[in-house]
Amino acid sequence: MVTAMQMKALEQKAIEEYGIDSMLLMENAARSFCDILERETGSVKQRKILVCCGPGNNGGDGFAIGRHLHNRGALVTIGMGCEASQLKGDARKNYDIVTHMGLAVAIPQAIAGQEFDIGIDAIFGTGFHGEPQGVYAELISCLQRQADYIAAVDMPSGTSADSGQVAMCSVEAQLTVTFGLAKVGQFLYPAKEQVGKLYVTDISLPAELINSYPAKFHTMDQELASFLPEREENTHKGSFGKVLILGGSLGMSGACAMAAEAVLRCGAGMVTAAVPSAIQNVMATMLREMMTLPLPMGDEGLSKQATAMVTDKLQKQDVLLAGCGLGREMGTRDVFLSVVEACSKPMVIDADGINYLQGHIHIIQNKAQTPILTPHLMEFSGLSGYSLSEVLANRLSIAVNFATKHQIILVLKSADTIVAHPNGHAYVCSRSNSGMATAGSGDVLSGIIASLLAQGMTPGHAANLGVYIHSQAGWLARENLGAHGMLASDMIAQLSATMMWLTESKGQ
């Protein structure tokens, strides 16, 4: 995945260093777009098609597309958002070609009331910023009202190729054909919903140029299974790691229990829940395979004595998972901060642990093992100091900057979960579904990641693969139960099947 600026730089390099004519790139883009459109919608012969063109290169693509569709027998009308005198370079050349061919070119008012089988959005592409105004807003409105099917060129107009944000006036496409490489915003909500079915098509950029590009943004796929550790037969429970969970409180014992079961279902050998003594009996009955460590309590949650107990227990554990259902009491906060500051083991911090880190994030910096934080958007807002609206508007860039600044791995949970790494790379998983938006889903995810850490995976690989496993289990649960009836425990029930599928796909 690339940003709009990165894609522009790649194309410029192809033109300047490889000598590829920009008109050739535009011609290849237009031809590829038309091939894919017919693949999706059938022959365009005798079908009424409206191609809406803006003033830049996206509009130039649109003029070329209109020409190809006309040559394939379509009844093409081109909607213009500017005067011909405003067109420059390749866009002007392609405009001149379609006018010499006699294609109908009209302003929005002249198109009003007509109906079209297909609408082509070639207004802004990846160069959009702000809110569409005037004639461009009218063109978008024409597409939305008057076309039965809409296909976008590179990016639906009104959506950001970088942040995934969507303007109030925007195109909602059934198909988007993007050129060269996928754009970041195509995988981020809410733009992801506007993109429809996405095709990434070749426009003859040199393979050497594409392969040499130092991409920093990535999507998640099944290939992550290659990082799953081998599982030898001649082993024992200690071979697959021990996880200590510091979590649970009165009224929130379930969070810790679900995280613990996820730890075991994903392959770790042992899990111990260090919980307040008041809920120890309840915890012991929630999962028979889980061990418990009852912690002494004071007037405000855990007492100071709990710190030494957890720290001592950690000496013989492989991973610390802290925060699931831990509560908000001051005594518990002090124990949490002391344990985390002293911890030298790989760690995952979730839920209430994220809230406790507000103003204290320095205690997890400069750790030998990179800590993994798994906040949802509101928790991250409190931790980072950004308002929720700022986070929503720039999730990817803020997440990457935060992970880089504090040298942590940030798993920013949302419908498009982002895993930001301290080296500036980020992975986006947009395979979630609405059934996963349920209490306990985040506890399951943190347990999955802790389990992979315990089995010897690096923090970076554990975070990436953990998010992917979580999403796959969520889809299996939805297929069996539907989105409305899903519980977090239903995702846990699918973890065994997910792990078996990953193992088989790896060839293990």
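**View 1. The lining of the second largest pocket holds eleven nonpolar, 14 polar and six charged residues.** Ala, Val, Leu, Ile, Met, Phe, Trp, Tyr, Cys and Pro count as nonpolar, Asp, Glu, Lys and Arg as charged, and the others, Gly among them, as polar. The model is predicted: local features need pLDDT of at least 70 and side-chain atom pairs pLDDT 80 or more, while totals for chains, interfaces and linings use all residues. Residues are numbered from 1 along each chain as its sequence is written, and side-chain values use heavy atoms, leaving out hydrogens and water. The second largest pocket has a volume of about 670 Å³. Of its 31 lining residues, K413, M436, T438, S441 and G442 are the closest to the centre. Two or more residues each come from α13, α17 (441–454) and α18 (459–481). The most, four residues, come from α17. Helices (H or I, at least four residues) and strands (E, at least two) are DSSP runs, numbered from the N terminus. On a 1 Å grid over the protein atoms alone, a pocket is an open set of points where a 1.4 Å probe fits, with protein on both sides within 12 Å along at least five of seven lines; lining residues have an atom within 4 Å of a point. Grid points are joined across faces, edges and corners, and a volume is the space filled by probe spheres set on the points.

View 2. Elements giving two or more residues are α1 (4–16), α2 (22–41) and α3. The largest share, seven residues, is from α1.

**View 3. Seven strands form an open sheet with parallel pairing, in the order β3-β2-β1-β4-β5-β6-β7.** At the edges, β3 (104–106) and β7 (197–201) each pair on one side only. Pairing takes at least two DSSP bridges between two strands. The twist from one strand to the next averages 20°. Strand β2 (residues 75–80) runs parallel to β3, joined by three bridges. There, I78 stands opposite V105 of β3.

**View 4. A351 sits in the loop between β15 (347–350) and α13 (352–356).** Is A351 buried or exposed? A351 counts as buried because its relative accessibility is 15%. Buried means under 20% relative accessible area, exposed over 50%, partly exposed in between (1.4 Å probe, protein chains only). Leaving aside residues up to four places away in sequence, A351 touches G323, C324 and E379. Contact means heavy atoms within 4.5 Å.

Methods. Axes are lines fitted to C-alpha atoms, for helices over the stretch in contact, and angles run from 0 to 180 degrees between N-to-C directions.
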